[in-house]
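Please keep the sequence and the structure in view while reading.

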Amino acid sequence: MAFTLLSVKLTQWFGVKLRPEPVKPDIPNTEGGRTNVLVIGFGRFGQLASQMLIAQGSTVTVLDMDAQHIREASRFGYRIYYGDGRRLNVLRAAGAENASVIAVCTERAETTSQIVRMTKTQFPLAKIFARAHDRRHAIQLVTAGADYQLRETLESALEFGREILEELGEDEDHTHEILADVRRRDAELLALQQVGGLYSGYKQFKLPEVPVKPLIKPKSESTALNEPARRLAEAEKQAEKEQADNSEKTSTHKPSSD
């Protein structure tokens, strides 16, 4: 029995020693000083983006409500704050009022949009940089007041495609020209979609589907390799034809403004 009691005591003692320290939420920011950049969300996106800030020597505060993310941030020498970035008092305690840039790197699109709207209203002197989930979310963030937004897969996908071109034997300078041209076309399309009525019927931040269109006109027609693919492709072409016909009819019957 004595041995059993000793085993229990040792198990409890080692269990306490090996268990990670709990992160206390909403610890007041007592260090003071100016925060150059407040990074909200220290997941895979926020961690990579912050590497540039480390290299340059910026003063960075990381705000996250994931205990593991906070522990990881502590390895990098950041000022760290545990709390919910959707709460105004937490943002203020983390130093948002003194930040030159607030980088919203949270994973959920709804959370990112909510934080962008709040920070733009409450901290107008800070530049708001935001991680966009996709094209629809990017347009929503611009409307919400983000000074800069980037779709999380855009640059990696474009660079991935450029590397494939080089592997296929394309000249490196030419691949960079193609990359720059695709970036330009994407930015122009995004600007047109923002002002072109994409938000018609927009309620409660639910956006209509954004049609997927190539940024560069293909040099050849698509070829379906099986029957399901053929049917889907034909249905898409038929839908585009009907849309074009309806647009032409509308423009033909439109009353003159003269």
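Asp84 lies in the loop between strand 3 (79-82) and helix 4. Helices (H or I, at least four residues) and strands (E, at least two) are DSSP runs, numbered from the N terminus. The model is predicted, so local features need pLDDT of at least 70 and side-chain atom pairs count only at pLDDT 80 or more, while totals for chains, interfaces and linings use all residues. Residues are numbered from 1 along each chain as its sequence is written, and side-chain values use heavy atoms, with hydrogens and water left out.

**Single residues**

Asp84 has a relative accessible area of 14% and is therefore buried. Buried means under 20% relative accessible area, exposed over 50%, and partly exposed in between (1.4 Å probe, protein chains only). Not counting residues up to four places away in sequence, Asp84 touches Met65 and Val90; contact means heavy atoms within 4.5 Å.

Arg151 belongs to strand 6. This arginine counts as buried because its relative accessible area is 11%. Apart from neighbours within four places in sequence, the contacts of Arg151 are Ala132, Asp134, Arg135, Ala138 and Asp186.

Thr121 is part of helix 5 and counts as exposed because its relative accessibility is 58%. Glu159, in helix 7, is partly exposed, because its relative accessible area is 29%.

| Pair | Separation in sequence | C-alpha to C-alpha distance |
|---|---|---|
| Thr121 and Ala144 | 23 residues | 9.6 Å |
| Glu159 and Thr175 | 16 residues | 9.6 Å |

Helix 5 covers residues 109-122, 14 residues in total, and spans 20 Å from its first C-alpha to its last, close to the expected 20 Å. The expected span of a helix is 1.5 Å times one less than its number of residues. Its buried residues are Ala109, Thr111, Thr112, Ser113, Ile115, Val116, Met118 and Thr119. They pack against strand 1, helix 4 (88-93), strand 4, strand 5 and helix 6 (135-144).

Helix 8 (residues 172-195) has 24 residues and reaches 36 Å between its first and last C-alpha, close to the 34 Å expected. Which residues of helix 8 are buried? They are Thr175, Leu179, Val182, Asp186, Leu190 and Gln193. Their cover includes helix 6, strand 6 and helix 7. Asp186, one of these buried residues, is also among the contacts of Arg151.

**The second largest pocket**

The volume of the second largest pocket is about 580 Å³. Of its 24 lining residues, Phe45, Ala49, Cys105, Tyr148 and Leu150 are the closest to the centre. On a 1 Å grid over the protein atoms alone, a pocket is an open set of points where a 1.4 Å probe fits, with protein on both sides within 12 Å along at least five of seven lines; lining residues have an atom within 4 Å of a point. Grid points are joined across faces, edges and corners, and a volume is the space filled by probe spheres set on the points.

At least two lining residues come from each of strand 1 (37-40), helix 2 (44-56), strand 4 (101-104), strand 5 (127-132), strand 6 (148-151) and helix 7 (154-167). Helix 2 gives the largest share, seven residues. By class, the lining has 16 nonpolar, three polar and five charged residues. Ala, Val, Leu, Ile, Met, Phe, Trp, Tyr, Cys and Pro count as nonpolar, Asp, Glu, Lys and Arg as charged, and the others, Gly among them, as polar.

**The whole protein**

The protein has nine helices and six strands. Of its 258 residues, 29% are buried. Among contacts with a separation of 6 or more, 60% join residues 24 or more positions apart.
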